[in-house]
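Please look through the sequence and the structure shown below, and then read the report that follows, which goes from the whole protein to single residues.

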Amino acid sequence: GATMKVPSPGSLRLRLLAVTVLTLALALAGAQIWLAGLFRDEVLRQLDTALVRQIDQLSARLDLDAAAQPRIDPAGLSDPRWEQPYSGLYWQIDRLGADGSRAAGLLRSRSLWDTQLLLPADTLADGALHWHDSTGPQGQALRVVERALVLPEQPQIRWRLMVAADLGETDAATQRFNGVLAASLAALGLLLALAAWAQVAVGLAPLKALQRALEMLRDGRSNRLDGRFPAELQPLVQDFNGVLDRHDAVLARARTQAGNLAHALKTPLAVLGNAAAAAAPGPLSQTVTEQVQTANRQIHWHLARARAAAAHGQPGQHTRVAPVLAGVLRVMERVYAERDLATSFTVAPDLAFAGEAQDLQEMVGNLLDNAFRNARDTVAVLARQDDRRLTILVDDDGPGIDPAHRQTVLRRGVRLDESAPGTGLGLAIVVELAGLYGGALELADSAAGGLSARLSLLVSV
């Protein structure tokens, strides 16, 4: 099945997503803490407001009986929880003497049952409210508000009124809210992360188009970066195409200069060759003829090498192999027509070479020239693609080359048969040009008994 491509640690997409997700996580965690704190503060504020109303009600109901003892009419307190043991809502009244004595729990709500509210000693101004966190009759956390009152009938005695509420319900409500808030923020975070992923994917999509344009340029299917790109990428594309244009201009200028130099040298060499041929036979005319031929071959060699070196790695190179091989083979068949050799030619019609057509002609021409000169009856040419390599095989049924000498003949200027015409540059040119294109030439025994030349080059797709 299909597998999801995991971005590498150096991926721009991974970096953007990592920064976005980290920022989202920190923001949502901060929102969780802030909103949870706001909610708890609001719940406590409402609880404190309710306690203030309760202590105001208690203060309004406090008076003295005929024996000068404090009393609270239970019927005057509206909340039924006062009468339920350990209900979570409690009140208590203490007496504070002028001498600092304290009588705790003179009056208390039925909900306290047989326990008392214990608060630390406190100095209260008349009517002022103080807040405490304490422990209830069953060990639960309490929120307590207290107030000191002085009744006109007994100005020397101060009464300490306390109202307390269990914090359990407040804590439970806070926990429920925190749970719902955490789930909501997690869902929001997931949606935002998906939105960030979509945003990154859409934002980086033009880079995919740029990558495809570069692949077409590399594979020789285009000589420029073509396509519609965002405004942010368009200057880069234009600059890159400008570099390609300048490269083409420099390359064309270099080729023109090399061609002019070749013509400038070939003209006097041709004059010398014609003069030597018209002169009377002798050592001088023979020497001049040989040196002119050598000079022509050297010019041809260096021009081919310079052309290949300039063109190597140039983007957009795409040469169909079949027409080039067929053309060179026809030329060789005409040149060596008197030998009456049988030839075979096998090549895929869509096979292409990532280089110059002239350089491919130069390499194949030298291999075929060597095969036609040495073959007895047959020459076979085969071209195929192996992965991203173009392989051209030229086989003959001639005498072949001894394995011990095969590396030697690939060096420039080396000929095994010094009696044969030539300068020993043919196979060396092939080796040099193939190396400039990232390829190689190997010599082996052919199935027909002669030499098999295997030329490996970069294929253009």
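## Surface and overall build

The protein exposes about 25800 Å², of which carbon and sulfur atoms supply 58%; such accessible areas come from the Shrake-Rupley method with a 1.4 Å probe, and for residues only the protein chains shown count as cover. This is a predicted model, in which local features need pLDDT of at least 70 and side-chain atom pairs count only at pLDDT 80 or more, while totals for chains, interfaces and linings use all residues. Residues are numbered from 1 along each chain as its sequence is written, and side-chain values use heavy atoms, with hydrogens and water left out.

The secondary structure comes to eight helices and 14 strands, where helices (H or I, at least four residues) and strands (E, at least two) are DSSP runs numbered from the N terminus. Of the 461 residues in the protein, 38% are buried; buried means under 20% relative accessible area, exposed means over 50%, and partly exposed lies in between, with a 1.4 Å probe and protein chains only. Among contacts (heavy atoms within 4.5 Å) between residues at least 6 apart in sequence, 63% join residues at least 24 apart.

Side chains of opposite charge can pair when their charged atoms come close. The structure holds 12 salt bridges, each being a side-chain nitrogen of Lys or Arg within 4 Å of a carboxyl oxygen of Asp or Glu. In one of them the side chains of R143 and D48 meet at 2.9 Å, N to O; because R143 lies in strand β6 (residues 141–149) and D48 in helix α1 (residues 12–61), the pair ties together parts that are 95 residues apart in sequence. R143 counts as buried at 16% relative accessibility, and D48 counts as buried at 15%.

D56 forms a salt bridge with R147, and their closest N and O atoms are 2.9 Å apart; D56 lies in helix α1 and R147 in strand β6, so this pair ties together parts that are 91 residues apart in sequence. D56 is partly exposed, with a relative accessible area of 35%, whereas R147 is buried, with 11%. The side chains of R143 and D133 also meet in a salt bridge, at 3.3 Å, N to O, and salt bridges that share partners join D48, D133 and R143 into one network. D133 counts as exposed, at 60% relative accessibility.

V364 has its place in helix α6 and is buried, with a relative accessible area of 0%. Leaving aside its neighbours within four places in sequence, V364 is in contact with L325, V328 and I392. V364 and V328 are 36 residues apart in sequence and 7.3 Å apart in space, C-alpha to C-alpha.

## Two residues with positive phi

Most residues other than glycine have a negative phi. Y86, however, has a positive phi near 55°; Y86 is placed in the loop between β2 (70–71) and β3 (89–96), and is partly exposed, with a relative accessible area of 29%. D340, which is not a glycine, has a positive phi of about 55°; its place is in the loop between α5 (321–335) and β9 (342–347), and D340 is exposed, with a relative accessible area of 67%.
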